Amino acid sequence: MVDYKPLNRFPGTRKEFDRQVESVCQECTVGCGLTVFLQDEAIADVQGIEHHLVSRGRLCSRGIAFAQGLRHPRRITIPASRNTLTQAFEASVSWEKALDLFAERLRRVRDREGAASLVIGCDPEAGLDFYVGARRFARLWGTPHVYHPWETPKATQDLPLKTPTAPCTQWVKSSCLLLVEADLAATHPVAFGWVLDAQTDGAKVIVVDTRFNVTMSKADLSLVIRPGAGNLFGLYLMKAILEENLQHAEALAANLELTPDWQTAYDALSWEALEPATGISREALINVVRFLAGKSSATIITGKRLEHSHSHGIWLTLCTAMGWTAKSDSGWYPLETGIPGFNCDSDIELPAADSIPPRAGFFPYQPFDTRGRKLAFKALIASGNCLADFFLPLRSQLRDAELVAFFGAFPNITCEQSHVVFPAAAWAERDGLFCSNDRALQWADRIATPADACRSGLDFWSGLAQRFGWQEYFPWFKKNGRADPVAFYEWLLRRSPDTHGCDLSRIRATDELLFWPADTEKLVRQQPPIFVSNNGKLRPTQPPAEITPMETSASEDMYPLAYQSTRVVSRSTDAAKWWPWTAELEDEKAVQIHPDTAQILGIENGDEVVVAGSRTCIEGRAWLSRMVDRRMIWSPQRLDETRVRVHKKGQTGEDALNLLKADSA
Amino acid sequence: MNKQRKHALMIDSSRCIGCHSCGVACKMEHELPAGPRPVKVIQIGPLDPNGSLVMRFETVTCFHCDRPACVSACPTGAMQKRPDGLVFSEPSLCIGCQTCAVACPFGIPELNPAAGKIAKCDGCRDRVDRGLWPACALKCPTGCLSYGSPSRVVQDLRTREALTVVRSVAVR
């Protein structure tokens with residue numbers, strides 16, 4: 001037995017400081033502990049908290065560089081407005097005057113166009129309080145159009161709740177970690193440290209993703225799949241496990257509600273459809289099964305993208321069938337599901353719920369109503385840089401918009417398209433509750449005083465609601481025009497059956513991590529979740545009757561390359577793009593092209609290129625890399641397209657298409 | 001930590017994920033603007049040597065050479081080597097002539113355009129003198145960077161490698 005003791009760490013600061021604050025980093029959803037040292041209210045140093053269970057004193061580049069954003073020279077710190085987009089902004093006298101003006105203009109739009117002509121985009125950067133405030137305001141206003149990337153279909157929300165998943169600190173106890181479309185090394189670097197620790201401890205790491213990313217480069221076994229095929233890969237894994245009889249028979253019988261046609265549905269799944277649909281061979285899939293088979297503990301970590309495609313529940317079915325659920329060292333760990341399902345507006349009775357037209361679907365935003373008619377909004381309240389992100393499809397619809405309000409911190413694309421600007425407080429400038437990926441609840445103390453007139457999302461919505469006489473629905477509003485975050489989060493914790501019994505004062509007082517739904521008085525749900533049958537067993541996810549190969553669309557011929565955009569390690573929010581320390585690390589304009597594809601198209605490293613889909617295009621600089629396969633293009637820039645063609649500036653898309661066709665021939 | 005005692009920064013590239021945390025930590029510690037990067041992370045690959053892709057990241061910083069060319073070349077005596085081995089540029093003596101940058105075979109010293117003086121890794125000498133770890137090692141999220149006496153660091157690396165081999169053959 002080797003007695004291994006890691007090197008002693010000697011933390012601390014050498015900088016002069018007059019006060020220090022312990023808080024929680026909110027650049028991603030890991031929830032790392034921070035100690036911030038301030039001198040004359042300016043941040044002098046940022047250190048990790050050594051005894052923090054998850055971060056262990058470590059921080060990523062974003063968690064250190066956030067300090068640059070607070071006193072950035074281009075930070076928006078005062079409200080401003082203009083009548084038309086061609087005019088320059090004029091600074092408002094005060095926040096209150098700006099809200100008065102905005103409320104009046106918003107009222108006029110409602111009178112003319114109706115309540116449902118308002119749409120609200122909530123960027124995670126604006127905080128949980130902004131989203132909850134938006135939901136309440138929209139309910140009172142009478143519009144269903146509130147969008148947030150955290151939104152998940154109800155069915156998906158219920159899935160992981162049924163099987164509490166071990167936090168990332170327990171990954172070291174797993175025998176195997178399977179990461180599917182989850183580039184943890186780029187999105188959650190500190191949590192990825194636990195993956196590497198598990199690997200050092202002997203766990204096998206399998207990574208399945210759409211390109212050869214950083215996470216994949218550390219894997220023991222890796223597979224590149226087609227974009228959008230993650231859940232299908234899970235269905236085929238299940239099929240292979242059942243065919244080889246590798247499932248955990250006792251766990252299967254005890255926890256799954258098996259129907260006679262359950263296994264038949266998997267039998268009917270065609271092996272021939274595997275490769276055209278997922279891009280991987282049967283042999284490669286069987287190889288993954290060999291890694292997983294017989295493991296008493298394994299953790300499956302899935303990315304947020306999978307949540308929005310069919311059969312997302314397969315991962316819970318798979319874990320249950322293999323006996324990995326409800327254990328402290330294994331299970332399903334879906335990323336970005338750490339926010340409890342809060343009933344933000346169920347206490348509001350007027351206007352009547354049935355008078356509000358329903359939305360066509362959950363996030364991501366679809367520009368159509370339930371009857372398939374194109375939506376036409378006249379007013380938008382946008383936070384962060386959502387018009388360059390999840391609201392990209394909305395940009396073309398905003399030509400007729402009469403009023404766009406921006407709640408943010410930097411003069412980004414969304415700000416450029418707005419009529420009224422409200423300066424937002426950064427996460428480090430507001431007190432709040434932080435819900436991590438692990439479903440830990442932590443209180444994040446305000447680190448610095450907000451610059452000038454910057455305010456929290458709760459301040460914004462409370463102030464706006466007051467102007468419409470709805471202050472009783474925002475009772476946290478104080479006489480000084482600010483909202484009380486402690487009272488608000490105490491109320492919010494009571495608005496979810498998963499956090500109903502949580503005591504905010506205990507969360508604020510302790511250094512320990514408190515998880516939901518543990519330590520809570522769980523309320524009986526009014527309706528049973530649809531994935532769980534009445535006898536408490538899980539209804540297994542079944543494969544669809546027919547697998548449609550992805551390469552059948554008509555656009556395939558005209559736009560032969562798949563396009564994907566994912567986050568890069570130095571940027572999580574729009575604000576991170578403005579910090580000099582992180583802005584210089586990675587080229588936001590980079591366009592990854594496989595060297596073979598680039599050779600066909602005559603593109604060289606660093607060339608200015610155009611990536612064009614059927615509706616929109618972006619420009620960037622070519623980065624020839626095998627991280628993408630021959631038929632894929634990747635860039636950090638968002639593009640509202642999944643199929644594209646790429647060409648050098650000066651050439652045309654048709655030229656590029658002809659070259660690719662000639663090569664295929 | 002004793003000022004005369006030598007220390008070593010261990011870089012375990014197998015754990016580097018190219019997150020640039022070390023570089024940003026260094027910049028915050030030394031209050032540097034955009035531009036000079038005393039700690040850099042370089043992506044190598046993906047390469048395709050045997051039909052399967054390989055990619056890794058290398059953390060690059062000053063090697064604090066035994067016989068540093070930058071120290072010999074510096075015309076003002078700003079570039080110095082301490083008894084504990086750390087090579088640093090004394091800002092009060094540096095005139096920003098960048099002779100050290102030319103002399104260094106690894107291209108480590110860079111000009112800090114805001115100060116007009118050389119910026120390079122000084123081993124976080126002010127932190128080390130207070131008994132603290134260098135900022136880059138302390139904040140590294142994956143444990144790629146660690147710090148200690150040369151013998152302890154080597155022992156740690158050996159033990160970790162041995163354990164990795166043992167655990168890879170053990171059945172979990």
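In helix α13 (residues 282–292) of chain A, the buried residues are A284(A), L285(A), I286(A), V288(A), V289(A) and L292(A). Here buried means under 20% relative accessible area, exposed means over 50%, and partly exposed is in between (1.4 Å probe, protein chains only). Helices (H or I, at least four residues) and strands (E, at least two) are DSSP runs, numbered from the N terminus. This is a predicted model, in which local features need pLDDT of at least 70, side-chain atom pairs count only at pLDDT 80 or more, and totals for chains, interfaces and linings use all residues. Residues are numbered from 1 along each chain as its sequence is written, chains are lettered from A and ligands numbered from 1 in the order in which they are written, and side-chain values use heavy atoms, with hydrogens and water left out.

**Around helix α13 of chain A**

- After α13(A) comes G294(A), which has a positive phi near 80°.

**Chain A as a whole**

- Chain A contains 23 helices and 24 strands.
- For 665 residues, a compact globule would have a radius of gyration near 26 Å, and the 25 Å of chain A agrees with this.
- That radius is taken over C-alpha atoms, and the globule rule is 2.2 Å times the number of residues to the power 0.38.
- Along the principal axes, the C-alpha atoms of chain A fill a box of roughly 70 × 60 × 60 Å.
- Of the 665 residues in chain A, 61% are buried.
- Taking the contacts in chain A between residues at least 6 apart in sequence, 72% join residues at least 24 apart.
- The accessible surface of chain A is about 26400 Å², and carbon and sulfur atoms account for 49% of that surface.
- Accessible areas come from the Shrake-Rupley method with a 1.4 Å probe, and for residues only the protein chains shown count as cover.
- Chain A has 73 positive and 82 negative charges, whose mean positions are 2 Å apart.
- Lys and Arg count as positive and Asp and Glu as negative, while His and the chain ends are not counted.
- The place of a charge is NZ of Lys, CZ of Arg, CG of Asp or CD of Glu.

**A buried loop residue, I447(A)**

- I447(A) sits in the loop between β17 (440–444) and α17 (457–467) of chain A.
- The relative accessible area of I447(A) is 0%, so this residue is buried.
- Q20(A) is 427 residues from I447(A) in sequence, yet their C-alpha atoms are 8.5 Å apart in space.
- Leaving out residues up to four places away in sequence, I447(A) touches residues including R19(A), V21(A), L34(A), F66(A) and W427(A).

**Chain B as a whole**

- Chain B has 6 helices and 8 strands.
- Their order from the N terminus on is β-α-β-β-α-β-β-α-β-β-α-α-β-α.
- The C-alpha trace of chain B spans about 60 × 40 × 30 Å along its principal axes.
- Buried residues are 50% of the 172 residues in chain B.
- Among contacts in chain B with a separation of 6 or more, 52% are between residues 24 or more positions apart.
- Chain B has an accessible surface of about 7800 Å², with 56% belonging to carbon and sulfur atoms.
- The 22 positive and 14 negative side chains of chain B have centres that lie 3 Å apart.

**Cysteines**

- A disulfide is a covalent bond between the sulfur atoms of two cysteines.
- C319(A) counts as buried because its relative accessibility is 0%.

**Backbone exceptions**

- Most residues other than glycine have a negative phi, and most peptide bonds are trans.
- The peptide bond from L350(A) to P351(A) is cis, with omega near -5°, and P351(A) is in the loop between β12 (331–334) and β13 (379–383) of chain A.
- In chain B, G45(B) and P46(B) are joined by a cis peptide bond with omega of about 5°, and P46(B) lies in strand β2 (residues 40–47).
- R56(A) is not a glycine but has a positive phi of about 55°; R56(A) is in the loop between β3 (42–48) and α1 (61–65) of chain A.
- E336(A), also a residue other than glycine, has a positive phi near 60° and is found in the loop between β12 and β13 of chain A.

Key:
Contact = heavy atoms within 4.5 Å.
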